[in-house]
Amino acid sequence: MNRPPIETGDARTTLLLPGFVLPQNTTLQHRHPTKHLFTADTKSIYTNIHTGPAVQHISNLLCSKAVRTFQQYNVQALTEALQIVFQNNILQFGVTYWKQILGKGMGIAPAPQWATIYFAIHKNHVLPQWNSNILFYPQFINDIIGIWTCDECPECNRALWTQFQDHMQQWHRLEWEFSPISQSCNYMDLTLTISSQTIQSTLHEKAQNLYLYLPPLSSHPRGPLQSLIFGNILQIHRLCSTPQETIKNTHAFHRLLTNRGHPSATITALFQKVTQNALEFMSLTPDDHATHQQMLKEKTENTIFLHLQYHPQDPPARDQQHVWQQTIATPHRKAPIAQMKNIDGVHIPIHSLTIAYIAVLQI
């Protein structure tokens, strides 16, 4: 499901959530022939965030907004807890132990949030000085894509672009790598192009992508292949802004699966079914999505999972579900499990069984 961007108070900037995609045919409200795209990324995001300055900046931010936003937290206690976590990261290598004194470990639970806040502070420090040049500046943690408004004088524009890059580097040793400004750029899994008055989008895949899709001889149930196709078809329809790009990428995905060994007739039938499901899913309103997510959450909370190693000659999942219903969920002339109580006298809130297969590759 598409997730909306988090507005940061500046019309040019957004912090992107996972799953956010650029709206198709995004209109450039300030039409000008000299708008260019650029991307930026930091080197070694976690190890290059110095703990001391980061704690100080984040502490100042929390204190400045504590009365309005963080009333449910003790700001001082939260700041001290962050300092303890990030200044006492102990790593084990074999039989030796090491204390990290620079940066932070990416495996620490609050690391992504820590980095997101830190880069937002950096953004607020840099952008106000570039109002005339930065038209758009969305950001996903340390991955940035922007629209640069070029100066009419080419030499002045080159000088301003260099000054902007130098300004970005002046923040506690953070090192940024920039792409050249151009009409087109690759950003994460998108290729974006300024075309006429819109930004067009299509899929971007790295050259070294091995496309290691499940081969047909892999000992998997039918579900994973359907999920793989549904996920990719949904991504293609969401990220491609023109019918031509949608068709091109769909054909390319079909070809990759047949090259992997899947029968063309089988894949084509699945593509037709899954495409219809994807289009129906995209037509749902935000309220429909919220209701669907709530239903999935409630179902999962009252579900137990049976983990089985998959074998194609084992009884199918529907037969195992039938046994579950007859013997446990709704047994004949016996109390169903949902009406039984545990040793503490509390009803057992189990209403369904999900069979989670563990697949094994056949050699």
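This is a short tour of a predicted model, stop by stop.

**Colour by confidence**

Start with pLDDT. The protein chain has a mean of 84, and 88% of its residues reach 70 or more. Strand 1 (residues 6–7) has the lowest confidence, at a mean of 34. Helix 6 (residues 243–259) has the highest, at 95.

Select residues 1–9. Here pLDDT stays under 50, and the model has 25 contacts beyond four places in sequence for this stretch. Then select residues 11–33. Their pLDDT is also below 50. Beyond near neighbours in sequence, residues 11–33 have 67 contacts in the model.

**Salt bridges**

Next, the charged pairs. Side chains of opposite charge can pair when their charged atoms come close. How many salt bridges are there? The count is two.

Select Lys43 and Glu175. Their closest N and O atoms are 3.5 Å apart. Lys43 sits in the loop between strand 4 (35–42) and helix 1 (51–64). Glu175 sits in the loop between helix 4 and strand 9. The bridge therefore ties together parts that are 132 residues apart in sequence. Check the accessibility of each partner. Lys43 is partly exposed, at 35% relative accessible area. Glu175 is partly exposed too, at 38%.

Now return to helix 6 and select Lys248 and Glu245. Their side chains form a salt bridge, with 3.2 Å from N to O. Why are they about one helical turn apart? Because they are three residues apart in helix 6. Glu245 is partly exposed, with a relative accessible area of 21%.

**Aromatic pairs**

Show the rings of Phe, Tyr and Trp. The whole structure holds 19 aromatic pairs. One of them is Tyr118 with Trp171: the ring centres are 6.1 Å apart and the planes meet at 50 degrees, so this pair is tilted. Tyr118 is in helix 3 (residues 111–126). Trp171 is in the loop between helix 4 (154–169) and strand 9 (176–178). The pair links distant parts of the chain, 53 residues apart. Are these residues buried or exposed? Tyr118 is buried, with a relative accessible area of 0%. Trp171 is buried as well, at 6%.

Move to Tyr211 and Tyr213. This aromatic pair is also tilted, with 6.3 Å centre to centre and 45 degrees between the planes. The two residues fall into separate accessibility classes: Tyr211 counts as partly exposed at 23%, while Tyr213 is buried at 12%.

Now select Phe38, Trp130, Trp148, Trp161, Phe164 and Phe178 together. Ring pairs link these residues into a cluster.

Look at Trp98 by itself. This residue lies in strand 6 (residues 96–99). Trp98 counts as exposed because its relative accessibility is 53%, above the 50% cut-off.

**Last stop: helix 7**

Select Asn277, in helix 7 (residues 264–282). Asn277 counts as partly exposed, at 33% relative accessibility.

Methods:
Residues numbered from 1 in each chain as written. Predicted model: local features only at pLDDT ≥ 70, side-chain atom pairs only at ≥ 80, totals over all residues. Heavy atoms only, no water. Helix = DSSP H or I, 4+ residues; strand = E, 2+ residues; numbered from the N terminus. Buried < 20%, exposed > 50% of the residue type's maximum accessible area, 1.4 Å probe, protein only. pLDDT = per-residue confidence, 0-100. Contact = heavy atoms within 4.5 Å. Phe/Tyr/Trp six-rings, centres within 6.5 Å; stacked < 30°, edge-to-face > 60°. Salt bridge = Lys/Arg side-chain N within 4 Å of Asp/Glu carboxyl O.
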